[in-house]
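Dear colleague,

Please find the structure below, handed over for your use. My notes on it follow directly after.

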Amino acid sequence: MAELRQERLSGDDLGIVLLGLQRPGAKNALGRQLIQELQESLAELAEDRSVRVVIIHSLVPGVFCAGADLKERAGMNQEEATAFVQRLRAAFTALERLPMPTLAAIEGAALGGGLELTLACDLRVVGLASKLGLPETSLAIIPGAGGTQRLPRLIGRSSAKELIFTARRFGALEAKEYGIADRIAEEGKVLDAALALAREILPNGPIALRAAKEAIDAGLDENRNGGLRIEESCYAKVIPTSDRLEGLAAFREKRKPIYRGE
């Protein structure tokens with residue numbers, strides 16, 4: 001049985017893709033098969049210009065992702081465990097590098113690798129009853145799928161150290177205070193809230209959204225002058241587009257623009 005379900009929405013939601021985690025017997029724990037399916041789906045989406053927003057969510061009630069599959073991990077030797085963590089890290093990097101905006105709809109537990117998965121997304125919508133955390137140091141390991149790098153870049157060095165050093169779990173409201181959660185939703189309505197956010201993004205120019213994401217992400221790895229050069233380069237990509245002319249025409253004619261990604 002497939003452990004990841006891809007659903008492409010239609011009608012007014014055309015361009016939104018849902019990636020649903022579905023490992024009910026293992027609380028969506030990240031094992032070999034799920035990671036393989038995730039990598040395959042991400043590789044497909046990365047090349048698809050019709051995809052405008054991707055939402056990762058859970059199809060298993062009460063849990064987003066319990067983290068790495070420790071039962072599977074227990075049967076690995078040292079070399080196999082190292083190779084698996086490298087593959088996990090590569091999958092989350094592929095998610096982070098998707099050219100279109102990505103959202104995580106977090107309902108239930110998102111722990112360890114489950115939280116690291118959401119950190120590789122652009123934005124996070126968190127349910128009020130959710131529990132988040134990076135408990136790796138309590139297991140005598142460290143977050144190994146990007147958590148030590150993405151979390152401090154998101155919330156700052158000291159706050160990231162606090163959460164990783166203590167290995168404690170925290171709720172949605174605290175996640176919002178830290179800056180991990182971008183929006184909070186009532187339990188049972190998290191996917192709806194993520195879809196509402198995606199629908200705010202969807203009408204905007206798809207080439208511009210991709211260029212803005214590239215400028216922000218690449219620029220953060222540079223000093224300010226380097227970042228400004230990246231912004232200039234990304235801006236140059238939108239100048240020759242038909243969408244830019246459509247935006248100007250729509251503004252002049254006082255109507256909604258119709259962007260085609262061209």
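This is a predicted model: local features need pLDDT of at least 70, side-chain atom pairs count only at pLDDT 80 or more; totals for chains, interfaces and linings use all residues.

Residues are numbered from 1 along each chain as its sequence is written, and side-chain values use heavy atoms, with hydrogens and water left out.

Helix α5 spans residues 147-155 (helices are DSSP runs of H or I, at least four residues, and strands are runs of E, at least two, numbered from the N terminus). Its residues Gly147, Arg150, Leu151 and Ile155 are buried, that is, under 20% relative accessible area with a 1.4 Å probe, protein chains only. These buried residues fall within an arc of 100° seen down the axis of α5, so they line one face of the helix; the arc is that of the directions from the helix axis to the C-beta atoms. After α5 comes Gly156, with a positive phi near 100°.

The lining of the largest pocket comprises 31 residues, with Glu96, Asp122, Lys213, Ile216 and Asp217 nearest its centre. (A pocket is an open set of points on a 1 Å grid over the protein atoms alone, where a 1.4 Å probe fits, with protein on both sides within 12 Å along at least five of seven lines; lining residues have an atom within 4 Å of a point.) Two or more lining residues come from each of β7 (123-127), α5 and α9 (206-219), and α9 gives the largest share, nine residues.

The second largest pocket has 26 lining residues, of which Gly67, Ala68, Leu70, Arg73 and Leu139 lie nearest its centre.

With kind regards

Note on methods: Buried means under 20% relative accessible area, exposed over 50%, partly exposed in between (1.4 Å probe, protein chains only).
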